[in-house]
Amino acid sequence: ASLQVKHEAVQRLQQLGSEAIGTEVAGSVIPLELLERLGRYQLIIGEICKKLRAVKMVLLWEESILSFWITAVTLATGLLALFLPWAPILTYTGRAVVWGACGPHMRYVDRYLQATRAKGEAAADPDKNLRKK
């Protein structure tokens with residue numbers, strides 16, 4: 001009986017082996033243009049993920065040497081900042097920023113802008129100068 005079962009199994013395998021077994025490939029469901037765009041975005045997102053992974057490793061102390069040095073430098077900077085005279089630093093920094101943004105040199109900037117505007121108006125309406133005279 002076992003010889004007959006083996007014989008039937010071999011015949012069945014031979015029948016299956018002679019059939020054409022394969023995967024039919026259908027047309028792509030996603031358009032090629034969309035795949036190209038998505039590929040570019042995938043590269044960008046991949047780079048962002050690498051950077052975020054590196055930050056995560058530092059924050060979770062998996063990268064312990066780098067985490068230590070970042071912590072040490074931050075603590076040293078904080079301790080140094082405790083002893084700086086902040087009142088004069090902020091006062092003179094504020095004065096420099098305001099003077100740089102609104103100082104006497106702005107008089108020359110105003111003259112330049114007025115001259116440029118006058119040239120633009122004269123070029124746009126040449127009869128205006130004649131009417132004034």
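What follows is a short exchange on how the terms apply to this predicted model.

Biologist: What are the ground rules for the numbers?

Modeller: This is a predicted model, where local features need pLDDT of at least 70, side-chain atom pairs count only at pLDDT 80 or more, and totals for chains, interfaces and linings use all residues. Residues are numbered from 1 along each chain as its sequence is written, and side-chain values use heavy atoms, with hydrogens and water left out.

Biologist: How many helices and strands does the protein have?

Modeller: Six helices and zero strands. Both are DSSP runs numbered from the N terminus: helices are H or I with at least four residues, strands are E with at least two. The pattern along the sequence is α-α-α-α-α-α.

Biologist: Why is serine 67 called buried?

Modeller: Its relative accessible area is 2%. Buried means under 20%, exposed over 50%, and partly exposed in between (1.4 Å probe, protein chains only). So serine 67 is buried. Serine 67 lies in helix α3, residues 64–82. Leaving aside neighbours within four places in sequence, serine 67 is in contact (heavy atoms within 4.5 Å) with Met57, Val58 and Trp61. Of the protein's 133 residues, 2% count as buried.

Biologist: What makes lysine 50 and glutamate 47 a salt bridge?

Modeller: The rule asks for a side-chain nitrogen of Lys or Arg within 4 Å of a carboxyl oxygen of Asp or Glu. Here the closest N and O atoms are 3.7 Å apart, so the pair qualifies. Both residues lie in helix α2, three residues apart, about one turn of the helix. The count comes to one salt bridge.

Biologist: Why is glutamate 47 called partly exposed?

Modeller: Its relative accessibility is 42%, so glutamate 47 falls in the partly exposed class.

Biologist: Which residues form the nonpolar patch on the surface?

Modeller: Val29, Ile30, Leu32, Leu34, Leu35, Leu38, Tyr41, Ile44, Ile45, Ile48 and Leu52, with about 1,100 Å² of accessible area together. One of them, isoleucine 45, is in helix α2, residues 32–59. Patch members have over 30% relative accessible area and no salt bridge; like charges are joined within 9 Å, nonpolar side chains (Val, Leu, Ile, Met, Phe, Trp, Tyr) within 5 Å. Areas come from the Shrake-Rupley method with a 1.4 Å probe; for residues, only the protein chains shown count as cover.
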